[in-house]
Amino acid sequence: VQLQASGGGKVQAGDSLKLSCAASRVITNNFVRGWFRQVPGKEREFVAGISWNSGSTYYADSVKDRFAISRDKNLMLLQMNSLKPEDTAIYYCATGFRWGSRQTTDFSSWGQGTLVTVSS
């Protein structure tokens with residue numbers, strides 16, 4: 001199973017963008033899904049996570065109050081508001097098994113990401 005992120009694009013600072021994440025097939029045993037992002041040359045960093053059963057969420061401090069992770073049936077969404085140039089990155093989604101984790105090693109089913117570019 002792989003998760004595929006989509007919805008990226010080029011926007012200006014202050015704009016909004018909504019990302020989607022779809023699975024290649026229905027996943028019946030996932031516990032957590034998460035969004036991560038990566039700038040070339042830097043480590044992949046956690047952005048937001050959601051409990052697939054309860055809908056509870058948690059965020060990186062850098063995006064809290066600006067980004068919102070949600071679920072719509074089998075899609076995972078990331079609403080990004082008040083975008084900043086430092087949000088520029090490739091965004092990835094993945095499934096996880098440890099609630100509250102921000103470590104890439106606790107997530108799997110990585111697919112190709114979607115590029116978000118925010119200009120000042």
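Reader: Why does Cys21 count as buried?

Author: This is a predicted model, so everything here is read off predicted coordinates. Cys21 has 0% relative accessibility, and buried means under 20%, so Cys21 counts as buried.

Reader: Why is the disulfide of Cys21 and Cys93 called right-handed?

Author: That comes from the torsion about the S-S bond, which is about 85 degrees, so the disulfide is right-handed.

Reader: What does the pair tie together?

Author: Cys21 sits in strand S3 and Cys93 in strand S9, so the link ties together parts that are 72 residues apart in sequence.

Reader: Cys21 also has a bridge partner; which residue is it?

Author: Ala5 is the bridge partner of Cys21 in S3. S1 and S3 (residues 17–23) run antiparallel, with four bridges joining them. Two strands pair if there are at least two bridges between them, so S1 and S3 count as paired.

Reader: What is the strand order in the open sheet of four strands?

Author: The order is S1-S3-S8-S7, and the pairing is antiparallel.

Reader: What makes S1 and S7 the edge strands?

Author: Strand S1 (3–6) and strand S7 (67–72) each pair on one side only. From one strand to the next, the twist averages 20 degrees.

Reader: How do you know that S7 and S8 pair?

Author: Count the bridges again: S7 and S8 have six, in the antiparallel sense. At least two are needed, so the two strands pair. S7 and S8 form a hairpin with two residues between them.

Reader: What stands out about the phi of Lys73?

Author: Phi of Lys73 is near 60 degrees, a positive value in a residue other than glycine. Most residues other than glycine have a negative phi. Lys73 is found in the loop between S7 and strand S8 (75–80).

Reader: Is Lys73 buried or exposed, and why?

Author: Lys73 has a relative accessible area of 69%, and exposed means over 50%, so Lys73 is exposed.

Reader: Where does Ser109 lie, and what is its phi?

Author: Ser109 lies in the loop between strand S10 (107–108) and strand S11 (114–119), and its phi is near 60 degrees.

Reader: Is Ser109 buried or exposed, and why?

Author: Its relative accessible area is 18%. The cut-off for buried is under 20%, so Ser109 is buried.

Reader: Why is Gly100 called partly exposed?

Author: Gly100 has a relative accessible area of 33%. Buried means under 20%, exposed over 50%, and partly exposed in between, so Gly100 is partly exposed. Gly100 lies in the loop between strand S9 (89–96) and S10. Gly100 and Ser56 are 44 residues apart in sequence, and their C-alpha atoms are 9.9 Å apart in space.

Reader: What makes Ser101 buried?

Author: Ser101 is in the loop between S9 and S10. With a relative accessible area of 7% against a cut-off of under 20%, Ser101 is buried. Leaving out residues up to four places away in sequence, Ser101 touches Phe46, Tyr58, Asp106 and Phe107.

Reader: Which residues have the most contacts inside the largest nonpolar core?

Author: Those are Trp35, Leu78, Met80 and Tyr91, in a core of 31 residues. Leu78 touches several residues beyond four places away in sequence, including Leu17, Trp35, Val47, Phe67 and Tyr91.

Reader: Why is the protein described as being as compact as a globular protein of its length?

Author: For background, the protein has zero helices and eleven strands. Its radius of gyration is 13 Å, close to the 14 Å that the globule rule gives for 120 residues, so the protein is as compact as a globular protein of that length. Buried residues make up 41% of the 120 residues.

Technical notes. Residues numbered from 1 in each chain as written. Predicted model: local features only at pLDDT ≥ 70, side-chain atom pairs only at ≥ 80, totals over all residues. Heavy atoms only, no water. Axes fitted to C-alpha atoms, helices over the stretch in contact; angles between N-to-C directions. Buried < 20%, exposed > 50% of the residue type's maximum accessible area, 1.4 Å probe, protein only. Contact = heavy atoms within 4.5 Å. Disulfide = S-S within 2.5 Å. Core = buried A, V, L, I, M, F, W, Y, C linked by side-chain atoms within 4.5 Å. Rg over C-alpha atoms; globule rule 2.2 N^0.38 Å.
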